[in-house]
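Below is a set of questions and answers for reading one protein model alongside its coordinates. Each answer works towards the value or name that was asked for.

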Amino acid sequence: MQDYEELVSFLGTWGRFQRRVFLLLCLMAIPGGYYLQSVFFLLASPPHHCHIPADRNMSQDWIQASIPEQFGTSGDLNSNSTQQVGVLSERSSCSRYDLDQVQNLSALGLSPEFVLSELKQEDCKDGWTYSTEYYESTVVTEFNLVCSEEWKKPLSSLAYFLGALCGSFISGQISDRFGRKPVVFGAITMLSISSIALAFAPSWPVFTLLYFLIGMGQNSSLIVLFVLGSEIQIGSTRILFSSLCLPCTWVTGMMLLPGSAYLVRNWRHLSLMMAVPGLACIPLWWQIPESPRWLISRGRLREAELLLSSAALENKVEPPHGFFLSDNCEKAESKKSLGFLDLLRTSNIRHTSFILWFVWFSLSLSYYGLAFNMSSLSGSPFLNYFLVAAIELPAYSVNWLVVSRCPRRYSYIGFTLMGAVALLLIQITLHSPPALSLSLVLLGKFGIMIGIGVSFVHTGELSPTVIRNTAMSSCATFSRAGCCVSPYLMQLETFRKPYPDTIQEMGQIQCFRCPWASMSCLKDDEIPIQHQIMGLETVCA
């Protein structure tokens, strides 16, 4: 077939048709960007401690003293924490002194500081009291995903990213077979309906299932939008769309999320609010065309000719007569549907696929590992996440300049190396002012984001039309594999934690944990309660 861009050059690159499609496709990226980092607000875990019932009739001193202090078990300071002579202490989140003993001592009028060391500790039998400084309600606080149930929180994140992984894998093959447009609107519809249903989830398992579906819709919509816009636009307009405007639009959606979470502190109301942009996009079905490049690759020449003739009419240009039925266009390349295995069939595409999969996996692991670590930064989580999202705007602006003027490989290597060095420097500035750590975090994400932007464009350019969406989606699948690992990275954190001297002091052992299991692999009485620190959980699947 004649070069597609030469074939449709009569349309120009910035006519009314291109401008309309350009704008609408960018707007359709807002729902996916809006939900991209929802896990950090829906699953936020505020500071908490064991609840002390009011009917215990204890003095205020004993109520305060009934929650033991722990030393060196956390790197974060909160309102219940103190730090003296370099030693960190904070109120225990998962234990309290035996309330029966505390109540008896309080009735005797004794002072807490003289007898606390002799008291036994017990679990939070009456539930927890959560800080409401930043959140009125989250999934963690409503379903009590803390202490012995803390393993459910990273599992919920894992379900979201597994949904994104499955959505990437499935949507690419469906899109290459049935078209880009149905998959885009189907994914956005799934995202919106699941978000509404999420607001009414009666239990944690239902929430996790719906969150899996949200992950499928969110990632599928962004990937197929990128491919659809890149195939409709040509020349410099395509570069502008794929490397700057589309990414900046979904970053705008990301920046809206912290503001929404700040205004709506209840996670159920926030879920309803996040469904609105997707619902607003559904009427655009009648305004967004199918990819003419895909139609030609599938041999649907008549449909492609009608679509481009309509575009010519909108641009007020005259199309060549019979431009698809003439000798300029041969029979379509192949009507055979290509799938994932075709990415491995020949050596040239196989080697390219392996390299791209590794690149996308590592970039995603860095991106989300950094995002999950944002909770350790001081200050308002809403402002922190807004700043980390906002840094992507200048990153994508630089990415557009780089993609327009520089080789792809050198650009990727240079900026990802810059991001990696910035993140490494954080390790030697842990005791520096918070502003320095935040600056290095932003610089690290800046470099990583340019690397991601270059990879998006480069992957689309390396992939042939007949299998482009499958190739992009396969890369996104490996990217989401990196996302699935990232929630568990923080479980391995040892900063400001004491060296364990015995095997028992290592905390809970690593074990398989099924979603229906609520008991630890070790019973509570087998581990001293002051050492019951959650370790890495391996989820059976």
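**Helix packing, cores and buried residues**

Q: At what angle do α2 and α14 pack, and are they roughly parallel or roughly perpendicular?
A: In this predicted model, the axes of α2 and α14 lie 7 Å apart and the packing angle is about 105°. Angles of 65 to 115 degrees count as roughly perpendicular. The two helices, α2 and α14, are therefore roughly perpendicular.

Q: Which residues of α14 make the contact with α2?
A: By class, the contact of α2 with α14 has 3 nonpolar, 2 polar and 3 charged residues. The α2 side consists of Arg16, Phe17, Gln18 and Arg20. Facing them from α14 are Leu307, Ala311, Glu314 and Asn315.

Q: What covers the buried residues of α2?
A: Helix α2 runs over residues 16–27 and reaches 17 Å from its first C-alpha to its last, close to the 16 Å expected. Its buried residues are Phe17, Gln18, Val21, Phe22, Leu24, Leu25 and Cys26. The cover over them includes α3, α10, α11 and α14.

Q: Is α11 roughly parallel or roughly antiparallel to α16?
A: The axes of α11 and α16 are 9 Å apart, and the helices pack at an angle of about 175°. Angles over 145 degrees count as roughly antiparallel. That makes α11, relative to α16, roughly antiparallel.

Q: How many nonpolar, polar and charged residues does the contact of α11 with α16 have?
A: From α11 come Val251, Met254, Met255, Pro258, Ala261 and Tyr262. They meet Phe382, Tyr385, Phe386, Ala389 and Ala390 in α16. By class, the count for this contact is 11 nonpolar, no polar and no charged residues.

Q: Which element gives the largest share of the largest nonpolar core?
A: The largest nonpolar core has 120 residues. Those with the most contacts inside it are Met28, Leu42, Leu198, Phe207, Tyr211 and Trp250. The largest share of this core, 13 residues, comes from α10.

Q: Which residues is methionine 28 in contact with, leaving aside its neighbours within four places in sequence?
A: Methionine 28 is one of the residues with the most contacts inside the largest nonpolar core. Leaving aside neighbours within four places in sequence, its contacts are Val184, Phe185, Ile188, Leu225, Cys281, Leu284 and Ile288.

Q: Is lysine 445 buried or exposed, and what is its relative accessible area?
A: Lysine 445 sits in helix α19, residues 434–462. Beyond four places in sequence, lysine 445 is in contact with Gln37, Met254, Tyr367, Leu370, Val388, Ala389, Ile391 and Glu392. Buried means under 20% relative accessible area. Lysine 445 is buried, at 2%.

Q: How many residues apart in sequence are proline 53 and leucine 99, and how far apart in space?
A: Proline 53 is in the loop between β1 and α5, and at 17% relative accessibility it counts as buried. Not counting residues up to four places away in sequence, proline 53 touches Arg96, Leu99 and Asp126. Between proline 53 and leucine 99 the sequence separation is 46 residues, and the C-alpha to C-alpha distance is 9.7 Å.

Q: What percentage of the residues in the protein is buried?
A: The protein has 20 helices and 9 strands. Of its contacts with a separation of 6 or more, 81% are between residues 24 or more positions apart. Among its 541 residues, the buried ones make up 54%.

Methods. Residues numbered from 1 in each chain as written. Predicted model: local features only at pLDDT ≥ 70, side-chain atom pairs only at ≥ 80, totals over all residues. Heavy atoms only, no water. Helix = DSSP H or I, 4+ residues; strand = E, 2+ residues; numbered from the N terminus. Expected span 1.5 Å × (residues − 1). Buried < 20%, exposed > 50% of the residue type's maximum accessible area, 1.4 Å probe, protein only. Contact = heavy atoms within 4.5 Å. Axes fitted to C-alpha atoms, helices over the stretch in contact; angles between N-to-C directions. Parallel < 35°, antiparallel > 145°, perpendicular 65-115°, else oblique. Nonpolar A, V, L, I, M, F, W, Y, C, P; charged D, E, K, R; others polar. Core = buried A, V, L, I, M, F, W, Y, C linked by side-chain atoms within 4.5 Å.
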